[in-house]
Amino acid sequence: MKMDRHKAQRNIGLLGLAMLGVLALVVFRYAWLQLVQGSELSERMKAQVGQSYLAQSTRGAILDRSGRELAVSTMTKSLYVDPNHVKEPEVLASELAPLIGLSEQQILDDIAEGGGFQWVKHHLAQDEYEAVRHLMKEKEYTDCLNFVDEAKRYYPNDVLAANVLGFVGTEDKGLDGVEQALDGLLKGEVEEEYLQTDRSSRPILSSIFSRQKRYKGDYCKTVTLTIDSSIQFMVEQELDRAMAENGPQAITCIVMDPKNGEVLAMAGRPSYNPNKFWDYSPESWKNRAVSFIYEPGSTFKAMVAGAALQENVVSPNQVFVDPGYVMVSGRRIQNWSGESFGTVTFTDVVKQSLNTGFAQVGLSLGAEKLTEYAKRFGFGEQTGIDLPGEEYGILFNPDDMRDSDIATMSIGQSIAVTPLQLVTAMSAVANDGVLLKPHIVKEIRNADGSVYLENQRTEVRRVIESSTDKTLMGLLEQVVATGGGHKAAVKGYRIAGKTGTAQKIREDGAGYMDGRYIASFCGFAPVEDPQVTVLVIIDDPTLGSYYGGQIAAPVAGRIFAQLMRYLHIEPTSETLLEVETVPHAQERPKPKKVFQGEVPNGKVVVPDFIGLSLREAARKAAESGLTFEGEGSGVAAYQSIEPNTLVDAGTAITVHFQP
């Protein structure tokens, strides 16, 4: 009995050891499979019961200030090939090429690149996708061909605001404009997902439901711009008309709200269609509003006038003697007409844009003050707008400036600015002398609709005092009402601004090009409560005139007229323009009969000035013993005292000139 018990215990012990051995073997095997071969087996299992794919979220939309779509994205299929698994390249290429519109050689070249992944074609059309998918199933090409979801960018308005928006290249990368500047926020996300399938590649279990929900992304955002599509359309229409009428190399226009720095429209010609950007030259992609620098010419005189008034260097009624030209450091500076305007006030200097008067004012300010105010108005530095490629402009170092440099800078030469800098500076004049930071992005929202960023009105600095600014606004209103900018006038509205005509600098910087000009106008309206600032720049016109007052001002005037209606701004009956409107020459009263008899001592007979140039009229008035005042430009159209009237010697007579 004892022996049987001992034998039983021994057998139990042996069985226990055997079981421990088996358990140890199982644990070892389990550890080996999990720790050593786990990853490999997991991938093998996934390949057998399912497939991995990349889920792409769409790129964030770009909207105008009213929520209208400027750029949107849709999901498309893109085709790739795995060269390592292609068995018969020639056969595959011959069958695939006609389905996707490529040549057989292009597909063979892709296969020849080798590796495990090569793009064949991005963004397949729906019919192409269906045809390739049928081919893959029929010919069992699923091991070497496959699709990836890719977002395709679409611009529903084609050319509208193209230079602002930019475009998107392959792999959802922004390459210009807002698309480039905010690429990190707009760009869609890519996430790898796993789909469980049966042996026929049909989704099973939870994958049936998960695949029905397209991945929307957590971080791609929607951008709302300050651009108003309607205003943008108005502006671009006028630019197309101006291109046809003037035949320039380029035109740039910016419309800004001077009270908050929002850009309502920003357009240029030439332009392009971002849906087919590859069909256009890179030069047409350029946003000249921020990446083009030029000498502003007389439009810069508005800022010089503001600086001179602020520093009490000049007053509106201060008298200047205009000899027609001045010599400064051996350089001749003459008026745009080459003529002398005689004795004039500073108001006339601004209205007629007299270079001689502004040269004198600039020399009185000095290099330090002139440069200081240029910087205060925002020149010589980036504005910080939400667009790529912004230039700084060029300013002299005041320590290096000669008197001739001061004089030429005072008339808008020897300084280089961007269009955006100029319209921002003029907006400061319209905004009671306060410079604001311009912006073109109104807000950015997250994918869930919450606000990520909202741009607010940002004050940079006060440039000139409010009282000074009101005086300057009055002078600039005179320019449009009765001066060189009268073609920008709109009946019933008070508009202020300044014209400019500047020679183009040679590309190597060595002097100016003969007969090549940049015409411009920059102004705001209505003067009593400025709502919009408009800048028009016509680069190198080849048809007709090249003066800013003749070709840029009319474009601005037509834009102002449309803006006043669109913004529901009521006209006012108390416009300076209406008070001082002069009749045309053909509408003037017939002159009195020639004065008969002897002219008494101390009296003079008023001559007929109609049809004379400003120089001829001034000379004739001086010979007759009259005090002469000229307004406008061109030829005499109307005079304040009728011809052949007997008046006292020294009587002031005002002669109005029109083109």
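Is asparagine 312 buried or exposed? At 68% relative accessibility, asparagine 312 counts as exposed, and its place is in the loop between helix H13 (301-310) and strand S10 (319-322). The structure discussed here is a predicted model.

**Aromatic pairs**

- A search of the whole structure finds 15 aromatic pairs.
- One of them joins tyrosine 129 and phenylalanine 147 in an edge-to-face arrangement, with 4.8 Å from centre to centre and 75 degrees between the planes.
- This pair links distant parts of the chain, since tyrosine 129 belongs to helix H5 (residues 126-139) and phenylalanine 147 to strand S5 (residues 145-154), 18 residues apart.
- Tyrosine 129 is buried, with a relative accessible area of 14%, and phenylalanine 147 also counts as buried, at 16% relative accessibility.
- The rings of phenylalanine 277 and tryptophan 285 have planes at 75 degrees and centres 6.0 Å apart, so this pair too is edge-to-face.
- Phenylalanine 277 counts as buried, at 15% relative accessibility.
- Phe277 and Trp285 belong to a cluster linked by ring pairs, which also contains Phe167, Tyr272, Trp278 and Tyr280.

**Charges over rings**

- The charged end of lysine 221 sits over the ring of tyrosine 452, at 4.5 Å from the ring centre.
- The charged end of arginine 376 sits over the ring of tyrosine 373, at 4.6 Å from the ring centre.

**The second largest pocket**

- The volume of the second largest pocket is about 790 Å³.
- Its lining consists of 33 residues, and those that lie nearest the centre of the pocket are Asn335, Trp336, Asn355, Thr501 and Tyr547.
- Four elements each supply at least two residues of this lining: strand S12 (331-334), strand S18 (496-505), strand S19 (512-525) and helix H19 (548-566).
- Strand S18 provides the largest share of the lining, with five residues.
- By residue type, the lining of this pocket divides into 20 polar, nine nonpolar and four charged residues.

**Helix H18**

- Helix H18 (residues 466-482) has 17 residues, and its span of 24 Å from first C-alpha to last is close to the 24 Å expected at 1.5 Å a residue.
- Twelve of the 17 residues of H18 are buried, so the helix is largely enclosed by the rest of the structure.
- The buried residues of H18 include Leu472, Met473, Leu475, Leu476, Val479 and Val480.
- Asp469 and Glu477 are also among the buried residues of H18.

**Backbone in the loops**

- Most peptide bonds are trans, and most residues other than glycine have a negative phi.
- A cis peptide bond, with omega of about 5 degrees, joins arginine 269 and proline 270.
- Proline 270 is found in the loop between strand S9 (263-269) and helix H11 (282-285).
- The peptide bond from alanine 525 to proline 526 is cis as well, with omega near -15 degrees.
- Proline 526 lies in the loop between S19 and strand S20 (532-539), and S19 is also one of the strands that supply residues to the lining of the second largest pocket.
- Asparagine 312, the exposed residue of the opening question, has a positive phi, near 60 degrees.
- Asparagine 644 likewise has a positive phi, near 70 degrees, and its place is in the loop between strand S23 (635-639) and strand S24 (646-648).

Notes:
Residues are numbered from 1 along each chain as its sequence is written. This is a predicted model: local features need pLDDT of at least 70, side-chain atom pairs count only at pLDDT 80 or more; totals for chains, interfaces and linings use all residues. Side-chain values use heavy atoms; hydrogens and water are left out. Rings of Phe, Tyr and Trp (its six-membered ring) pair if their centres lie within 6.5 Å; planes under 30 degrees apart count as stacked, over 60 as edge-to-face and the rest as tilted. Buried means under 20% relative accessible area, exposed over 50%, partly exposed in between (1.4 Å probe, protein chains only). A charge sits over a ring if NZ of Lys or CZ of Arg is within 6 Å of the ring centre and within 35 degrees of the ring normal. On a 1 Å grid over the protein atoms alone, a cavity is a set of points where a 1.4 Å probe fits but cannot get out, and a pocket is an open set with protein on both sides within 12 Å along at least five of seven lines; lining residues have an atom within 4 Å of a point. Grid points are joined across faces, edges and corners, and a volume is the space filled by probe spheres set on the points. Ala, Val, Leu, Ile, Met, Phe, Trp, Tyr, Cys and Pro count as nonpolar, Asp, Glu, Lys and Arg as charged, and the others, Gly among them, as polar. The expected span of a helix is 1.5 Å times one less than its number of residues.
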